[in-house]
Each structure stands twice: as structure tokens, then as C-alpha cells.
Protein chains: 2
Amino acid sequence: MPGPYRWRKRVEGHFCRWTMPREAILDLLTRTSQHLTAKEIYASLLQLYPGIGLTTVYRTLDLLEKSGLIKKFNFGRGENRYEFASENKPHHHHLICTKCGQIIDYSDFANEELELVKKTAKHLAEKYKFIVHDHNIEFYGLCQQCQKRQ
Amino acid sequence: MPGPYRWRKRVEGHFCRWTMPREAILDLLTRTSQHLTAKEIYASLLQLYPGIGLTTVYRTLDLLEKSGLIKKFNFGRGENRYEFASENKPHHHHLICTKCGQIIDYSDFANEELELVKKTAKHLAEKYKFIVHDHNIEFYGLCQQCQKRQ
DNA sequence: TTATTAATGAAAATGGTTTTCATTATCATA
DNA sequence: TATGATAATGAAAACCATTTTCATTAATAA
């Protein structure tokens, strides 16, 4: 684990207390490009932080999500997956292979997409009086490898 | 339950045998505009078909989904929800209230959206050698009622 | 009508996630 | 820099949607 409490300042106001497990979980998510499950995070941290509990991982992920620092996704495979959400990180969506579960981030046509999304959100706000906070776009199909071994 | 086996013809080729539970489940999904869970379907059918088992509901939903007659959604609330998928039914997506879970179907800007989706799918096929079979767009936010009682 | 075997339903198992509760550790205050 | 209030933790149990098992039932081809 890196120097303790590197994230404390970035996180101020969101939490009563900043602790080692919280630091470790957030730090791991900022360092990976993968979309990890709670169990994967737990397994990964267990090496550096033998005392950590899976319960704490779930609780911390919940808190981090509620404070907007990470995003939670369910790609229809039974478990939730998490990724770090930064203002700096480019807006992106996901390609999901329905065979092997591989997830690819893409951000192509982000401008056109954002334009349509904004327009739609505005329209929906008027038509349904629905306030849009977030949106999600995903494509399902087969990745290159799974096409071959089909 | 309506006349038995009304759906048999529409379903030919997808199943070895067409049975009462299958008829009842598919029929229910074609008659509702809601996005039902397995348990909701089970509870609803129990009145008309007292012998039915929840296991059969799950198994049938699985088969119906695999044969493309229904679609499965996970709106991040722990259970899957199902809706009838017909060629006649207009292409639509969902607004999900993050507070009460209400789901609204919308199909505004369907043409523009489909255009962008097609273009993106084609681009992704080239760039990532990924074959797109399906896509999903959803907006998360607050419905009118939940804005008031916020 | 019968035989084959797919489909069913009850009960048990599974697996991701949440809750409970006694213990530990953070941090504001002295 | 102690200290005390209480937030956070971890282990175990509970929860809950879904899947599996297996003996029984029922659909369909012959």
C-alpha cells in the first residue's frame, strides 16, 4: 500500500473518518483500468492488508459510490463492478462480451453522443417531469477472441 | 388464463414442448406494460394457476430470453426484470427513478438515436473487432413524485 | 394408447450482498 | 499527547435472488 492517506484531502467532507481500508480501496480503484468486483478488490488487497474484511470492502464501495467518487455497474453477470469516476477521466461507455464477460471502455463519438444525451435529457425533463442525473450506454456482443472460438 | 396455447404457433421451433406454465408466463408478459420480476410474475400467475412453481418461472424466463421473445434488464436493484420484445413494439429505452425504482419507457428521438447507435456499432466493429448484437441506453434520475417528496 | 423423455415443482444449494454485534481505531477535545 | 466518544471494522450469521437436484408428471411422437 502506498503512503497512508494520500486520498484524504480529495475525500474531505464525504466521510467522518478516513481509514486504511478506505484509502486502500480507493487507491486500488484509481490505479486500475479494470472494472473490479468487491471480491476481486478484497482478494487484491488481502496481500497488502491481511486484516481487511470483505464486509468493509462492500461498505466502503457503497460509501464511495454515494459520494460520487466511484461508479457501480451491473453488466448482467450477477455481481456489481466498480470503477473510479474522475472529472479528468474522459466520458466513456462499455462494450460487453456476452460470452466471456470482457469489458472494453470506449469513448468514440463522445461529442455527438453527449449532444444527443443532453437534448434527450432536456426533452424528458419537460415531457415526464423527470430530472436526469446520469445516463448509461452499453453495447452487447462478441469480442474478437470469442468470435473465433465460437 | 386465456385459451390455452394461444402462443404455440408464434413460438414454434424455440421449444421442444409447449406447456401451460410457458403459455401463462409469455401471455402475462405480452399483456402488461410493466417490467416484472420473476417473483411478481409468479405471484400474479399463482391466482390463475395455483400449481405453478417459482423455479419454472425462472426456467421459462431464461428460455424465452434465449429465444429472443423477451428481454431481461437489471436496473441495479438486485433483481432482474423482464419485458416482452416484439418486432411491432417500438424501439424504446428506460428512465429509472433512483429513489422509488419507477421505470418509464420512452422512445423520443428514436431515429437520431438509432442513427448514432448504428454509426457507433459500425465504428466499434472496425476499431475493436467487436460484433454488436444489442445495445442499452438508460437514464437515471428522479421522477416527478420523488422530486416533491425529496 | 403407450412409451419416451422433456418439463415440472419442492427442497436444498449457491453466491452476492447486507446485517448484527462485540471489538478496535480515529480524531476532536482536554 | 493523552483521553473519551463514537465511527469503523471484521467475523459470523442472515438475507434474498437465482440455480441445481431429483423424483414425479405430462406432452408428444409413434
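Reader: Let's start with Ile25(B). Which element of chain B is it found in?

Author: Ile25(B) sits in helix H2 of chain B. Keep in mind as we go that this is a predicted model.

Reader: And is Ile25(B) buried or exposed?

Author: Here the number to look at is relative accessible area, and under 20% we say buried. Ile25(B) has a value of 0%, so it counts as buried.

Reader: What about Ile70(A), where does that lie?

Author: Look at strand E1 of chain A, residues 70–74. Ile70(A) has a relative accessible area of 2%, so it is buried too.

Reader: How far apart are Ile70(A) and Phe84(A), in sequence and in space?

Author: In sequence they are 14 residues apart, while C-alpha to C-alpha they are 4.3 Å apart in space. Phe84(A) is also one of the residues that Ile70(A) touches once residues up to four places away are left out. Others in that set include Leu26(A), Leu29(A), Leu61(A), Leu64(A) and Tyr82(A).

Reader: Now the backbone. How should I read a phi angle?

Author: The general idea is that most residues other than glycine have a negative phi. In this structure, look at Lys129(A): it is not a glycine, yet its phi is positive, about 55°.

Reader: Where is Lys129(A) placed in chain A?

Author: You'll find Lys129(A) in the loop between H5 and E5. Its relative accessibility is 41%, so Lys129(A) counts as partly exposed.

Reader: What is the phi of Phe109(B)?

Author: Near 55°, again a positive value in a residue other than glycine. Phe109(B) belongs to the loop between strand E4 (103–106) and H5 of chain B. With a relative accessible area of 22%, Phe109(B) is partly exposed.

Reader: Which residues lie nearest the centre of the largest cavity?

Author: They are Leu116(A), Ile137(A), Glu113(B), Leu116(B) and Ile137(B), out of 18 lining residues. Both chains take part: helix H5 (110–128) and strand E5 (131–142) of chain A, and helix H5 (110–128) and strand E5 (131–142) of chain B, each supply at least two residues of the lining. Sorted by class, that lining has 12 nonpolar, 2 polar and 4 charged residues.

Reader: On to the DNA. How many residues surround DNA strand C, and which are the closest?

Author: There are 24, and the closest are Arg8(A), Lys39(A), Thr19(B), Thr56(B) and Arg59(B). Of the atoms of DNA strand C that come within 4 Å of the protein, sugar and phosphate account for 62%.

Reader: Which elements each supply at least two residues of the surface near DNA strand C?

Author: Helix H4 (54–66) of chain A does, along with helix H2 (20–31) and helix H4 (54–66) of chain B. By class, this surface has 7 nonpolar, 9 polar and 8 charged residues.

Reader: What lies close to the phosphate oxygens of DNA strand C?

Author: A polar side-chain atom of Tyr58(A) is 2.7 Å from one phosphate oxygen. Backbone takes part as well: a polar backbone atom of Gly51(B) lies 3.1 Å from a phosphate oxygen, and one of Gly53(B) lies 3.2 Å from a phosphate oxygen.

Reader: Which residues come nearest to DNA strand D?

Author: Thr19(A), Thr56(A), Arg59(A), Lys39(B) and Tyr58(B), out of 24 around DNA strand D. For DNA strand D, sugar and phosphate make up 63% of the atoms within 4 Å of the protein.

Reader: Which atom of DNA strand D does Arg59(A) approach?

Author: A base nitrogen, with a polar side-chain atom of Arg59(A) 2.4 Å away. Thr19(A) instead puts a polar side-chain atom 2.6 Å from a phosphate oxygen of DNA strand D.

Notes. Residues numbered from 1 in each chain as written. Chains lettered and ligands numbered in written order. Predicted model: local features only at pLDDT ≥ 70, side-chain atom pairs only at ≥ 80, totals over all residues. Heavy atoms only, no water. Helix = DSSP H or I, 4+ residues; strand = E, 2+ residues; numbered from the N terminus. Buried < 20%, exposed > 50% of the residue type's maximum accessible area, 1.4 Å probe, protein only. Contact = heavy atoms within 4.5 Å. 1 Å grid on protein atoms, 1.4 Å probe; cavity = no way out; pocket = protein on both sides within 12 Å on 5 of 7 lines; lining within 4 Å. Nonpolar A, V, L, I, M, F, W, Y, C, P; charged D, E, K, R; others polar. Near = heavy atom within 4 Å. Polar contact = N/O pair within 3.5 Å; in protein donor to acceptor, adjacent residues only side chain to side chain.
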